[in-house]
Amino acid sequence: MEKKGYFQAMQDWHTVLHSAVCRIKRDTYIWHLSSSTSILVGYLLMLPTVALVALFWWYPLLEVLYASFFNWDGLSPLQHFVGLANYRTLLFEDPYFWNAVKNTLIWSAMYVTIPVVIGLVAALMLNARIGGENIFKGILYLPSAISFAVVAFIWGWMYHPAGGLINQMLRALNLGVLAQPWLASNTFVLPAINIASSWVHVGFALVVFLAGLRSIPDELIEAATIDGASQWQTIRHILIPLLRPAFTVVLGWTLMLSVNVFDQINILTKGGPGRASEVLSIYLYVKTFLEHQAGMASAVGIIMFLLAAAGGILYVRQMISQEVTA
Amino acid sequence: MKTKVLSRRRFLRTAALVGGSLAVTNLVPAQVSAAAKNQFTSSYPAVSAQEKKLVSFWHIYTEEPRNKGVEAVISAFEKAYPEIKVEANAVFHQDAKVVFPNVIKTSRPPDVIQLRTTSLARISIDAGLVMDITEMYEEKGYDKRFGPLGDTADWKGRKWSIPFNLDQFPGVWYFKDVFEKMGLKPPTTLDELEVILAEFKKNNISAIWIGNRDRWHAPYMVEYLILRLGGVKTWKGLADGSAHWTDPEVVAAFEKFADWLNKGYFYPDMNAYDITDLYPYWTSDQIGMCGPCGPWAFENAKLAGRDADYFPFPVLKEGDPVVGIVNAEPFSISKNAPHPEEAKLLLDFLGSKEAQQIFMDITNIPMANLDVDVSNQPEPIQKMIKDAHTLPSVLGFDWDLPEAAFSVAQPAIQEFVADPTPATIAKVTKEIEDSVQKWLQQG
């Protein structure tokens, strides 16, 4: 039997799936379902997913919204209705909340930038079809499979002030003056944890950008070269604009992850030193489980949701506008 | 070729059949297997796990040697009560802060649970989630069993827990051979301690270490200095709101700590290290002393083959009371415990001399029961137990203080140790005081 390649096998599967879909379409016709029944069947098929999302997403969200109007310790029954007082306290009286918002924004900006920049540069290099492309892709993509907790422990060792790899290397290079207590420094702690966390997404960004680059017709590049465009001009005016869908995917994905970050910061610093790395999710944890102010924490959760939703809406709108443009 | 036409009725009938089958197949195997199991076990007259009464037991002993200790205690209980099986669940103590408040409010909470921090216990009691065991205390004479440590179970005049092992911060740990070599003697006053700190510094050795990455270690130094410079009254006042973090005695305690930090007595960058990071530096004599540290310092020194001892944290002047920081890792019964009678038996056993003796023999950790025989323990452990059972004591930082105070104080103290200036002292003491006042206003 002829041994099929991977892509041949995928193509066969695609053919099988396509014919199956066509058959279902044809059979639907054969079932003689009226259009109203057809719609009903459509709703029925959607029902399990909608039920699951409602049960595990909308219901908790509404519960959290409800709890945010109470002064609640998280254990007693909800009793002391305070209206919008929790939101007022957070927004107008609590300096730690605004510190957490500021840290979250800085964190998100770095968290998005690092994979985008490194992923794009790596994709541009690999797009030149150098040898060992799959090995490079494998090396860069592998960290995506490691759990955040493990990543945090690895970097915790690397940042160790005395025996950590980074300071040891600096000392070996006679750059000991640059050695820092990375995780105990108000200045360096947020970038240090951010680098430790965001590098795992470089592989994902690379794969998306590379797929985007490979979909750009060669004729466009050739035409630009003939017109005398430099390599930088080709990247700046042709490749990057055409990579907009890939940018949207990478930015949207990393932005959503960045708002929800918790594990790495909690493992490495718990938001310290002081409150230098306290982002909104850590602040929410402190409010809920250390201060037992679950009502206030619920308000933090709702504000986090609104922030993430605002980002999500912009992201979806961008996607839709691109589809329309295309 | 004849096309098979699927009618609507047939489609719906088939869907119902498939759906029903799926539902049944999800349920039936469990029922069948349970029935089969019952039939199988019923052919054996011996006591099976199914016939035993169960009691669920959630604790925080995940690490050696404590996990071995608690396993031995459970075995002894099951031997004493063969009709009861203990379903134990160990949760790492940091995770327990999240897991235990959630599990205790479910409809099937653990029968016996270790509500470690006082604030969590207080809130759980107020929420009606913990069983009042005042009558058990009276019937069984627990006050005699635990002495003054029984007071740690009090809240609003009732008893809610039994103390088990002691989580104790007796003072400063040192190596006898190092002190002998340097001609030092354990100090009794803060002035004498400062002489020792300076002596280590003179020999280019970091005098003392605190690992404050997780934020809880440096607060114990603050607590001891407040106890020594302001007395127990000030500390208890901070816990109940009658004293203020901006009071001169409290500020003086921060200033003393700042003075030692600025003189370079501590191993640097304490916010960068967890306590476990620094044992090797201490046991290899790159650092002189550990303090204030608990019995875990002794355990780790022993593992490194070193002979450690401790001195109680020195007082301000001769004659001042030597007050220690002692709290117990207590056990409570959930108010809605599914097996309350078995839970009471287990709780009583956990407080017994037998159970606590087993735990201490394995772990070398001091216990709350006054009758536990400590004669086979190393000398420092015996001394610690004697101090805990006889000297006046207060609870620890995150046990005594209102939750609003310690959750603000922990990062604030981390900020202070990184920048021990008068401005930072003024900032952090005000921050903590403001949080306490806000908490008091909220009731």
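B:Y220 is buried in this predicted model. Its relative accessibility is 4%, and the cut-off for burial is under 20%. B:W216 is partly exposed, at a relative accessible area of 22%. The two rings form a pair. Their centres lie 6.4 Å apart and their planes meet at 80°, so the pair counts as edge-to-face. The limits behind that call are 6.5 Å between centres and an angle over 60 degrees. Over all chains, 47 aromatic pairs are counted.

Aromatic rings also gather in chain A. There, A:W155, A:Y159, A:W182, A:F188 and A:W199 make up one aromatic cluster.

Back in chain B, charged side chains sit over rings. B:R306 lies over the face of B:F175, 4.0 Å from the ring centre. B:K383 takes up such a place over B:Y310, at 5.0 Å from the ring centre.

Now take chain B as a whole. It holds 18 helices and 13 strands. Of its 443 residues, 53% count as buried.

The largest nonpolar core has 140 residues. The members that touch the most others are B:W173, B:W245, B:F257, B:W260, B:W282 and B:M289. Helix α9 of chain B, residues 217-240, gives the most to this core, with 11 residues. At least three residues come from domain 1 (53-165 + 329-370), and at least three from domain 2 (168-326 + 395-442).

Helix α14 of chain A spans residues 280-290. Of its 11 residues, 10 are buried, so this helix is largely enclosed by the rest of the structure.

The loops on either side of α14(A) deserve a look. Between α13 (263-268) and α14 of chain A lies A:P273. The peptide bond from A:G272 to A:P273 is cis, with omega near 0°. Just after α14(A) comes A:H292, with a positive phi of about 55°. A:H292 is not a glycine. This residue sits in the loop between α14 and α15 (294-325) of chain A. With a relative accessible area of 8%, A:H292 is buried.

A:N174 also has a positive phi, near 60°, and is a residue other than glycine. The loop that holds A:N174 runs between α7 (165-172) and α8 (189-198) of chain A. Is A:N174 buried or exposed? A:N174 is exposed, because its relative accessibility is 72% and the cut-off for exposure is over 50%. A:H292, by contrast, is buried at 8%.

Chain B has a cis peptide bond as well. It joins B:E64 and B:P65, with omega about 0°. B:P65 lies in the loop between β1 (53-59) and α2 (66-80) of chain B.

Methods:
Residues numbered from 1 in each chain as written. Chains lettered and ligands numbered in written order. Predicted model: local features only at pLDDT ≥ 70, side-chain atom pairs only at ≥ 80, totals over all residues. Heavy atoms only, no water. Phe/Tyr/Trp six-rings, centres within 6.5 Å; stacked < 30°, edge-to-face > 60°. Buried < 20%, exposed > 50% of the residue type's maximum accessible area, 1.4 Å probe, protein only. Lys NZ or Arg CZ within 6 Å of the ring centre and 35° of its normal. Helix = DSSP H or I, 4+ residues; strand = E, 2+ residues; numbered from the N terminus. Core = buried A, V, L, I, M, F, W, Y, C linked by side-chain atoms within 4.5 Å. Domains from an automatic or database assignment.
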